[in-house]
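Reader: Hey, can you walk me through how some helices pack in this one? I'm new to this.

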Amino acid sequence: MRPFSAVALFSLLAAAATFGGCALIGADPDSDRPLPLVTADTQQLAARLRGHVEYLAGTIGERNLAHPEKLLRAEHYLAAQLAKAGYIVRWQTYICNGHEVSNLEVEITGKAAPSEIIVVGAHYDSVNHNGVASPGANDNASGTAAIVELARMLKGSLPTRTVRLVLFVNEEPPYFWTDDMGSLVYARAAKQRGDNIVGMLSIETIGYYRDEKGTQDYPPLVGLAYPSTGNFIALVGPSSNGGSAWVERCTAAFRAASEVPAEGAALPSLVPRINSSDHWSFWKQGWPALMITDTAPYRYPYYHKPEDTPEKLDYERMARVVEGTRALILSVAASETKGANSGAASPTAQEKSP
């Protein structure tokens, strides 16, 4: 943990008191402990994750509406992978700039409280905006690959609550925080249906780790409570709408299941990049939401650059994060229910064969 000066500590506490409801969980006590040897199962998962990332960011490359044929190719690859894992894939298709674009959803129905829903999502598009284009290996083929593998790993599980795994289109600029953002289209439709979403996890840029001190940056003041080594996964989101309790619960569940250090922070929405992913769309509807991330531009030197290519990623550590996320999902999907006993369908989603 970085040392505190008296002035810095006072400033941090004053900011937290001013904003209220913040949760600065602080450094994982295991953050300096070496990871155990990787298991054969984890190695196999790492290879599968690498395969998805290399196909999306290597074989396809840049995928967005600047290259609609590549975006469609990614969509159909992902739908095929989800169907191969044994799911019925639901397409939520809408028109953007004259093109059909789609969110993809699969569902594991809860056994005791099916109307209580945990949404776990990631965006599969890559950036092309203001002259910046990228193949998007870490941002966000890494999160996309995680969703595909989580679907495979969770198949056959019996959660208390319903788990929806969703791949979102159009997260990147110029669609970010606009009506054409895929996750916002999805979240608004869920709100209109009256879906009871009790929490959302956005998997965003999870493939890059460093073990040297000084490799991790933060927004102003936040870094005073956290380590300078970029070897952890972060669970971060806005503190309002129940966000602080959600971050605390999810961070504790991840730490209980994984040897990868995990740092949690629920902060005011005005903190830079605290809402820079698809969880923002769910937070806007009043639901607790966070992102699971390697902190993207606060650590990753190739963020939104042409150099964001598959060989940059640490697939074994990424696999450990996915394993921890699976345990986290099962933990929050098994939480005490609110007495709900009816399922929540997706009537606006269209079922297709890939």
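Reader: Which way does H2 cross H4, left-handed or right-handed?

Author: H2 passes H4 in a right-handed crossing, meaning the near helix is turned clockwise from the far one by less than a right angle. This is a predicted model, where local features need pLDDT of at least 70, side-chain atom pairs count only at pLDDT 80 or more, and totals for chains, interfaces and linings use all residues. Residues are numbered from 1 along each chain as its sequence is written, and side-chain values use heavy atoms, leaving out hydrogens and water.

Reader: What's the angle between H2 and H4?

Author: About 130°, with the axes 9 Å apart. That makes H2 oblique to H4 (under 35 degrees is roughly parallel, over 145 roughly antiparallel, 65 to 115 roughly perpendicular, the rest oblique).

Reader: Which residues of H2 make the contact?

Author: Among them are Leu45, His52 and Leu56 of H2, which meet H4 residues including Ala141, Val148 and Met153. Contact here means heavy atoms within 4.5 Å.

Reader: OK, and how does H2 sit against H8?

Author: They pack at an angle of about 105°, with axes 8 Å apart, and are therefore roughly perpendicular to each other. Leu45, Leu49 and Val53 are among the H2 residues in that contact, and Met318 and Val322 among those of H8.

Reader: New topic: how many residues has the largest nonpolar core?

Author: It has 76 residues, and H4 gives the most, with 10. Such a core is a set of buried (under 20% relative accessible area) Ala, Val, Leu, Ile, Met, Phe, Trp, Tyr and Cys residues joined through side-chain atoms within 4.5 Å.

Conventions. Axes are lines fitted to C-alpha atoms, for helices over the stretch in contact, and angles run from 0 to 180 degrees between N-to-C directions. Helices (H or I, at least four residues) and strands (E, at least two) are DSSP runs, numbered from the N terminus. Buried means under 20% relative accessible area, exposed over 50%, partly exposed in between (1.4 Å probe, protein chains only).
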